[in-house]
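Please look over the model below before reading on.

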Amino acid sequence: MTDSAHRSAYKEKRRKAKASACYCCGATVPFCWRCRCGFSICQDCMHQNFWGMSCNGITWQCPDCGGWNGFGNQ
Ligand SMILES: [Zn+2]
Ligand SMILES: [Zn+2]
């Protein structure tokens with residue numbers, strides 16, 4: 001009688017990585033710096049926090065997981 005389970009077969013949509021919401025200011029921007037843990041930060045916030053997140057201008061540290069990410073390999 002109940003066949004409500006049938007509709008769960010629908011393919012789950014993969015999250016589109018086109019627009020991301022910045023974790024700092026919440027703005028949805030076309031480009032974010034992203035960490036593998038899912039943290040993302042917009043360019044404005046990255047500039048504002050630059051010297052708190054990066055000590056060399058080559059890599060930045062994710063405040064969420066502490067992982068290091070490189071600039072320019074997005
Ligand atoms: Zn931001
Ligand atoms: Zn992270």
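**Notes on the core and its surroundings**

1. Start with the core. The largest nonpolar core has 6 residues: Cys32, Trp33, Ile41, Cys42, Cys45 and Trp60. Strand S3 (32-34) and strand S4 (40-42) each give at least two residues to this core. A nonpolar core here is a set of buried Ala, Val, Leu, Ile, Met, Phe, Trp, Tyr and Cys residues joined through C-beta atoms within 7 Å. In soluble globular proteins, nonpolar side chains tend to be buried together.

2. A word on the source. This is a predicted model, where local features need pLDDT of at least 70, side-chain atom pairs count only at pLDDT 80 or more, and totals for chains, interfaces and linings use all residues. Residues are numbered from 1 along each chain as its sequence is written, while chains are lettered from A and ligands numbered from 1 in the order in which they are written.

3. Now the overall layout. The protein chain holds 2 helices and 6 strands. Read from the N terminus, the order is β-β-β-β-α-α-β-β. Helices (H or I, at least four residues) and strands (E, at least two) are DSSP runs, numbered from the N terminus.

4. How much of the chain is buried? Of the 74 residues in the protein chain, 14% are buried. Buried means that 20 or more other C-beta atoms lie within 10 Å of the residue's own; exposed means 12 or fewer; partly exposed is in between; C-beta atoms are placed from the backbone.

5. Take Cys42, in strand S4. Why is Cys42 called buried? Because 22 other C-beta atoms lie within 10 Å of Cys42. Leaving out residues up to four places away in sequence, Cys42 touches Cys22, Cys25, Ala27, Val29 and Cys32. Contact means that the two C-beta atoms, placed from the backbone, lie within 7 Å. Cys42 and Ser20 are 22 residues apart in sequence, with their C-alpha atoms 8.5 Å apart.

6. Trp60 is another core residue. Beyond its neighbours within four places in sequence, Trp60 is in contact with Trp33, Met53, Ser54, Asn69 and Phe71.

7. Ala21 sits in strand S1 (residues 20-21). Ala21 is partly exposed because it has 13 C-beta neighbours inside 10 Å. Its contacts, leaving aside neighbours within four places in sequence, are Gly26, Thr28 and Ser40. Phe31 lies in the loop between strand S2 (28-29) and S3. Phe31 has 12 other C-beta atoms within 10 Å, so Phe31 is exposed.
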